Amino acid sequence: QVQLVESGGGFVQAGGSLRLSCAASGRTFINYAMGWFRQAPGKEREFVAAISRSGSKTQYTDSVKGRFFISRDNAKNTVYLQMNSLKPVDAAVYYCAARETYPRDEVPWLRGSYRYWGQGNQVTVSS
């Protein structure tokens, strides 16, 4: 089992920044690729960003490229999502997720490929 606990969400005005954190426990963190997904009211949960287990590869959905940045600190068992230039359309509940990919260093983006999920963290962006 992998336990994921997110933090760092909240309220921000359009154009502002937030950093989400996701602390993992329970298994060998470096064996897992990590992803961030989000779900707005009435919509399906969608992929936002992912990072390979080494941290050398990342992937983003088009709408956040150049504004959001995913990173990880394997020594702290934590993955981050730095969100800049936030827009009202970015408002959602953000979830981190983990998928074991060892020994591969791939960057999964399919929601169904992730096994472990955090509880979600609300991000609100005012216009």
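Analyst: Two strands pair if DSSP finds at least two bridges between them; strands are DSSP runs (E, at least two residues), numbered from the N terminus. The model is predicted: local features need pLDDT of at least 70, side-chain atom pairs count only at pLDDT 80 or more, and totals for chains, interfaces and linings use all residues. Residues are numbered from 1 along each chain as its sequence is written, and side-chain values use heavy atoms, with hydrogens and water left out.

User: Which residue takes a positive phi in the hairpin of β4 and β5?
Analyst: β4 and β5 run antiparallel and are joined by five bridges. Arg38 has Glu46 of β5 as its bridge partner. Among the six residues between these strands, a positive phi near 80 degrees is taken by Gly42.

User: How many of the six residues of β5 are buried?
Analyst: Buried means under 20% relative accessible area (1.4 Å probe, protein chains only). β5 is largely enclosed by the rest of the structure, because the number of its six residues that are buried is five.

User: How many residues has the largest nonpolar core?
Analyst: Such a core is a set of buried Ala, Val, Leu, Ile, Met, Phe, Trp, Tyr and Cys residues joined through side-chain atoms within 4.5 Å. Leu4, Met34, Trp36, Leu81, Met83 and Tyr94 have the most contacts inside the largest one. Elements giving it two or more residues include β3 (18-25), β4 (32-39) and β5 (46-51).

User: Is Ala14 partly exposed or buried?
Analyst: Ala14 sits in the loop between β2 (10-13) and β3. Beyond four places in sequence, Ala14 is in contact (heavy atoms within 4.5 Å) with Leu86, Pro88, Val125, Ser126 and Ser127. Exposed is over 50%, and partly exposed lies between that and the buried limit. At 41% relative accessibility, Ala14 therefore counts as partly exposed.

User: What is the volume of the largest cavity?
Analyst: A cavity is a set of points on a 1 Å grid over the protein atoms alone where a 1.4 Å probe fits but cannot get out; lining residues have an atom within 4 Å of a point. Leu4, Arg27, Phe29 and Met34 are among the lining residues, and β3 and β4 each give two or more. The volume, the space filled by probe spheres set on the points, is about 60 Å³.

Terms used: Helices (H or I, at least four residues) and strands (E, at least two) are DSSP runs, numbered from the N terminus. On a 1 Å grid over the protein atoms alone, a cavity is a set of points where a 1.4 Å probe fits but cannot get out, and a pocket is an open set with protein on both sides within 12 Å along at least five of seven lines; lining residues have an atom within 4 Å of a point.
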